[in-house]
Amino acid sequence: MPTVNYNGYTITDAEVKNVLQAVCNFFEANVNVTSGDRNFVPPGGSNQSAHLDGRAADFHVEGYDDGTTYLYMKVFASAIFAGGNSYQIIFHGGLNPSIKAHIHVGRYAKTSGMWGYALFQKEGTKDSNIGITNMTTDIKLPLIAVPSR
Ligand SMILES: [Zn+2]
């Protein structure tokens with residue numbers, strides 16, 4: 001049975017861990033975590049990173065290239081992300097010498113209301129979006145929390 005391999009990394013945020021499990025279930029493939037909670041800013045990283053707040057994970061899905069993983073997460077966002085929460089998904093393409101290729105998912109601090117979103121962005125996928133200040137945005141998808149009844 002496919003599992004999320006944390007590889008020794010801690011991710012404090014339960015909702016980010018839920019996303020990793022949902023990715024694992026969706027692809028029916030192992031998810032290999034390459035970073036989680038951090039108390040430092042790595043080269044090329046952001047001092048506003050959700051990793052510093054324990055609300056982010058970096059990973060690959062076994063058997064899928066990162067571009068394919070990113071595409072399917074976008075198309076099937078409603079199967080992967082919880083409504084009412086807001087997330088940032090970054091496809092790091094690896095053209096940036098400071099940032100290896102991977103998928104990043106971070107959850108923003110919870111705000112009130114039933115509307116959340118999934119913001120899909122790319123970095124290091126082409127010459128013009130290398131570096132976190134040059135990221136390009138694909139789409140910001142709404143994620144609504146359906147009230148229970
Ligand atoms: Zn990350």
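I am working from a predicted model.

I then checked the strand as a whole. β4 spans residues 87-92, and six of its six residues are buried, so the rest of the structure largely encloses it.

Next I looked up the partners of β4. Strand β5 (residues 102-107) pairs with β4 in the antiparallel sense, over six bridges. Here I found I90 opposite H104 of β5. Strand β6 (residues 115-123) pairs with β4 in the parallel sense, also over six bridges. On that side Y87 stands opposite A118 of β6.

Which protein atoms are the donors of the zinc ion? I found H51 (NE2), D58 (OD) and H104 (ND1), lying 1.9 to 2.0 Å from the zinc ion. I noted the sequence spacing of these donor residues as H-x6-D-x45-H. I checked two of them for burial: H51 and D58 are both buried.

Last, I turned to the helices. The axes of α1 (residues 14-27) and α2 (residues 66-75) come within 12 Å and cross at roughly 100 degrees. I count angles of 65 to 115 degrees as roughly perpendicular, and α1 and α2 are therefore roughly perpendicular to each other. V23, F26 and F27 of α1 make the contact with T69, Y72 and M73 of α2. I sorted the residues of this contact into five nonpolar, one polar and no charged.

Key:
Residues are numbered from 1 along each chain as its sequence is written. This is a predicted model: local features need pLDDT of at least 70, side-chain atom pairs count only at pLDDT 80 or more; totals for chains, interfaces and linings use all residues. Side-chain values use heavy atoms; hydrogens and water are left out. Axes are lines fitted to C-alpha atoms, for helices over the stretch in contact, and angles run from 0 to 180 degrees between N-to-C directions. Helices (H or I, at least four residues) and strands (E, at least two) are DSSP runs, numbered from the N terminus. Angles under 35 degrees count as roughly parallel, over 145 as roughly antiparallel, 65 to 115 as roughly perpendicular and the rest as oblique. Contact means heavy atoms within 4.5 Å. Ala, Val, Leu, Ile, Met, Phe, Trp, Tyr, Cys and Pro count as nonpolar, Asp, Glu, Lys and Arg as charged, and the others, Gly among them, as polar. Donors are N, O and S atoms within 2.8 Å of the metal (3.2 Å for Na, K and Ca); water is not among the atoms, so sites may look incomplete. Buried means under 20% relative accessible area, exposed over 50%, partly exposed in between (1.4 Å probe, protein chains only). Two strands pair if DSSP finds at least two bridges between them.
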